[in-house]
Each structure stands twice: as C-alpha cells, then as structure tokens.
Amino acid sequence: MVTLAEVAQHAGVSASTVSYVLSGKRSISVGTRQRVEQSIQELGYHPNAGARALASSRSNIIALMIPLRTDMYVPVMMEIAIAVATNARTHGYDVLLLTGEEGPDAVRRVTGSGLADAMILMDVELDDERMPLLRDTDQPSVLIGLPADTSGLTCVDLDFGATGGLCAEHLALLGHRDIAVIGEAPAVYERHTGFAERTLDGLRSRSRELGLRVLHRPCEGGFDAMSLTLARIFDERPGTTGFVVQNESAVEPLLALLRRQGRAVPEDVSVIAICPDQVATQASVRLTSVAIPAQEMGRHAVEQLIAKLDGHGKDEVVLIAPELTVRASTGPAPGAG
C-alpha cells in the first residue's frame with residue numbers, strides 16, 4: 001500500500017503539503033497542487049479512511065435506514081437505496097445500509113457512535129417514533145417519506161396524496177362511478193405507513209368531490225389472498241368497474257382472476273396501478289400507472305443532505321408531482337357515454 005510519505009517524496013514536497021492538498025485546509029499553489037495530484041494518480045494512493053476521519057472529524061459515510069419488512073415491496077426500496085448510494089458517491093460519501101427494524105435504537109446508535117456523518121431514513125410512519133430523536137440531534141438527516149408532523153424535518157417523497165387524486169380523476173373522466181382500491185398488506189396500514197395512508201386520503205378526498213364511491217381493501221398479495229379480496233369486493237359492490245392497485249405483488253393475480261371470471265380489461269373493468277414502470281409495462285396487460293420515481297427520490301434526498309452537511313441546507317418538504325401514463329388497462333366504463 002502506497003503511503004503519504006511516498007507520495008510526498010515522489011512529488012518533491014513535504015508530507016504536510018500532501019496532507020493539505022488532500023484536506024483543502026490550506027491554500028496551496030496551483031503548480032504544487034497539480035504535482036501532488038499527479039503523484040497521487042501515478043502511485044495509486046488512497047487515503048486511509050480511519051486516519052482521514054480522525055483528522056477531519058468526519059467519516060464521509062451516510063447511514064441509510066431502510067427496514068426490509070416482508071410486507072413491503074423490496075425491489076422499490078432497493079432501487080431507492082441504489083440511487084442514494086450512487087448519488088452519494090458522486091459527492092465523496094459512502095453509504096452504510098441499516099436494514100433492521102430497530103426504530104429509535106438505530107438512530108441512537110448512529111448519533112452516539114460516530115458511525116456516519118448524516119442519516120437518510122425510509123419507511124416513514126405518520127407517527128414515527130424516530131422523529132423526536134431526529135429533532136433533538138445536531139446530526140443532519142433527511143426522510144424519504146412524510147410523517148404527520150414535518151416541522152423541523154427535511155422530507156422528500158412522491159406526492160402520494162396527489163397520486164391518489166390523479167387516479168380518481170382518470171377513472172371519473174372515463175365514466176366509472178364505483179371503484180375499488182386494492183391496497184398494501186394490512187400491517188402497512190396498521191403501522192400507519194405514510195405513503196399508503198396519504199394515497200388513500202388523496203383518493204378518497206378527490207372521489208368525494210367527483211361523486212365516486214370508493215371501497216378500500218388491503219391485500220397480502222399473491223393469488224389466494226387476491227382471490228378472497230376480489231370475491232369480497234364484487235360481493236359488496238357488484239357494480240365495481242374501476243380498480244386502483246397499490247400493491248405490486250397483487251397486480252398479476254388480479255389480472256389473472258379477472259380473466260378467469262370473464263371480465264375483460266379494459267372493456268369490462270379498468271385497472272390503474274401505482275407502481276414502478278417496469279411492473280406496469282411487463283404485466284400481462286400493459287397497465288395505466290403512476291410511476292414510483294425511485295431515482296429522483298434518492299437523488300433529491302442526497303442533494304438535500306449534502307446541502308446540510310455543507311452548512312447551507314434548510315428544513316423543507318420536497319414533493320415530487322405524480323405523472324399518470326395511460327396504457328392498455330383503462331377505458332370507458334361499460335355503458336358510459
């Protein structure tokens with residue numbers, strides 16, 4: 001392993017000069033800086049992370065708290081995590097992934113140990129127990145998701161309230177009057193997970209304004225659970241002609257069951273999904289959908305966090321406007337028009 005002293009000898013400068021070039025703590029002439037940087041490149045020198053952290057009081061690590069629960073769609077969570085890691089690296093930060101369901105204990109562990117310089121938290125609940133700790137610490141943090149009270153916090157998320165409203169508007173314009181929401185697993189609502197609750201609130205509010213009747217049924221996903229859920233929906237609301245699905249694992253079972261029942265999509269029933277574009281376009285019927293902007297969410301979260309680390313960030317809520325893409329799964333309600 002190449003040492004700092006070897007870099008200094010190669011560049012013909014003192015070891016302290018190399019250190020100042022690396023840290024930026026002192027002004028170094030352009031010629032000297034270029035000579036040191038060339039030596040670093042030629043020798044393949046990499047600063048020792050532990051020594052760098054001691055010298056700068058920074059670890060250059062961002063902690064990403066992403067509890068991997070069985071009732072959540074992990075591919076979306078990991079796509080956001082990859083976006084966070086990729087964008088953090090462009091700013092010189094690595095990402096420490098914390099996947100356990102530790103809640104406040106994970107926040108205490110990071111803030112108390114110096115493991116990371118800052119935190120990004122996902123899977124945010126409306127009454128999230130981690131929030132008081134975040135407000136009380138000086139360590140910068142950003143949430144991907146919204147709690148009920150966002151005061152004193154920086155949050156980034158898709159505008160899920162507007163997403164629900166957009167789905168209702170699209171079905172109403174097509175003449176649908178009875179719609180059913182096939183939601184996430186029951187545990188997601190029992191935890192009052194922000195994105196699920198906000199979608200439902202937005203959809204119900206807009207539906208009332210548009211004169212739509214809404215039935216919401218959580219679903220574990222999978223064929224058997226979807227079969228029971230669909231049977232219950234048509235038993236309670238036989239006239240249902242529009243479906244909004246916010247559960248990726250329920251998408252294909254729903255389409256298969258509708259085919260089995262002889263209900264054509266979109267001639268008899270219309271289906272909108274809130275899901276990644278890949279899920280919508282690869283389904284057996286190309287789905288009208290509102291995409292989950294995982295890349296954009298991850299990028300915004302990192303940018304907000306870097307601004308805080310650089311001393312000019314502020315507490316704010318960044319909501320990404322939803323975009324609905326019409327594909328083959330939605331059409332006029334039977335008898336409409």
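Below are my entries, by topic.

**Ground rules.** I am working from a predicted model, where local features need pLDDT of at least 70, side-chain atom pairs count only at pLDDT 80 or more, and totals for chains, interfaces and linings use all residues. Residues are numbered from 1 along each chain as its sequence is written, and side-chain values use heavy atoms, with hydrogens and water left out.

**Helix pair α5 and α14.** I started with α5 (residues 74–90) and α14 (residues 294–309), which pack at an angle of about 40° with their axes 8 Å apart. Helices here are DSSP runs of H or I with at least four residues, strands are E runs of at least two, and both are numbered from the N terminus. Axes are lines fitted to C-alpha atoms, for helices over the stretch in contact, and angles run from 0 to 180 degrees between N-to-C directions. The pair α5 and α14 is therefore oblique; under 35 degrees counts as roughly parallel, over 145 as roughly antiparallel, 65 to 115 as roughly perpendicular, and the rest as oblique. I noted a right-handed crossing of α5 past α14. For handedness, a crossing is right-handed if the near helix is turned clockwise from the far one by less than a right angle, and left-handed if anticlockwise.

Which residues of α5 and α14 meet? On the α5 side I listed E79, I80, A83, V84, N87 and A88, and on the α14 side A294, Q295, M297, G298, R299 and V302. The residues of this contact split into seven nonpolar, three polar and two charged. Contact means heavy atoms within 4.5 Å. For the classes, Ala, Val, Leu, Ile, Met, Phe, Trp, Tyr, Cys and Pro are nonpolar, Asp, Glu, Lys and Arg are charged, and the others, Gly among them, are polar.

**Helix pair α1 and α3.** Next I took α1 (residues 4–11) and α3 (residues 30–43), which pack at about 120° with axes 9 Å apart. They are therefore oblique to each other, and their crossing is right-handed. From α1, E6, V7, H10 and A11 meet R35, V36, S39, I40, E42 and L43 of α3. I get five nonpolar, two polar and three charged residues in the contact of α1 with α3.

**Helix pair α11 and α12.** The axes of α11 (residues 223–236) and α12 come within 9 Å and cross at roughly 55°, so α11 and α12 are oblique as well. The crossing of α11 past α12 is right-handed. F223, M226, S227, L230 and F234 in α11 touch A250, P253, L254, A256, L257, L258 and R260 in α12. By class, that contact has ten nonpolar residues, one polar and one charged.

**Cysteines.** How many disulfides does the structure hold? I found zero, taking a disulfide as a pair of cysteine sulfur atoms within 2.5 Å. C167 is in none, and its nearest cysteine sulfur, that of C275, is 10 Å away. For C219 the closest cysteine sulfur is also in C275, at 15 Å, too far for a bond. Buried or exposed? C167 is buried at 0% relative accessibility, and C219 is buried with a relative accessible area of 2%. Buried means under 20% relative accessible area, exposed over 50%, and partly exposed in between (1.4 Å probe, protein chains only).

**Backbone spots.** I found a cis peptide bond joining V265 and P266, with omega about 10°; P266 is in the loop between α12 (248–260) and β9 (270–274). D123, which is not a glycine, has a positive phi near 55°. D123 lies in the loop between β3 (118–121) and α7 (131–136) and is buried at 7% relative accessibility. H192 also has a positive phi, near 55°. H192 sits in the loop between α9 (186–190) and α10 (194–210) and counts as partly exposed at 38%.

**Two single residues.** A63 is in strand β1 (residues 61–65) and is buried at 0% relative accessibility. Not counting residues up to four places away in sequence, A63 touches L96, L98, V110, A116, A118, M119 and I120. L210 lies in α10 and is partly exposed at 27%. Leaving aside neighbours within four places, L210 is in contact with A168, E169 and A172. L210 and E220 are ten residues apart in sequence, with 29 Å between their C-alpha atoms.
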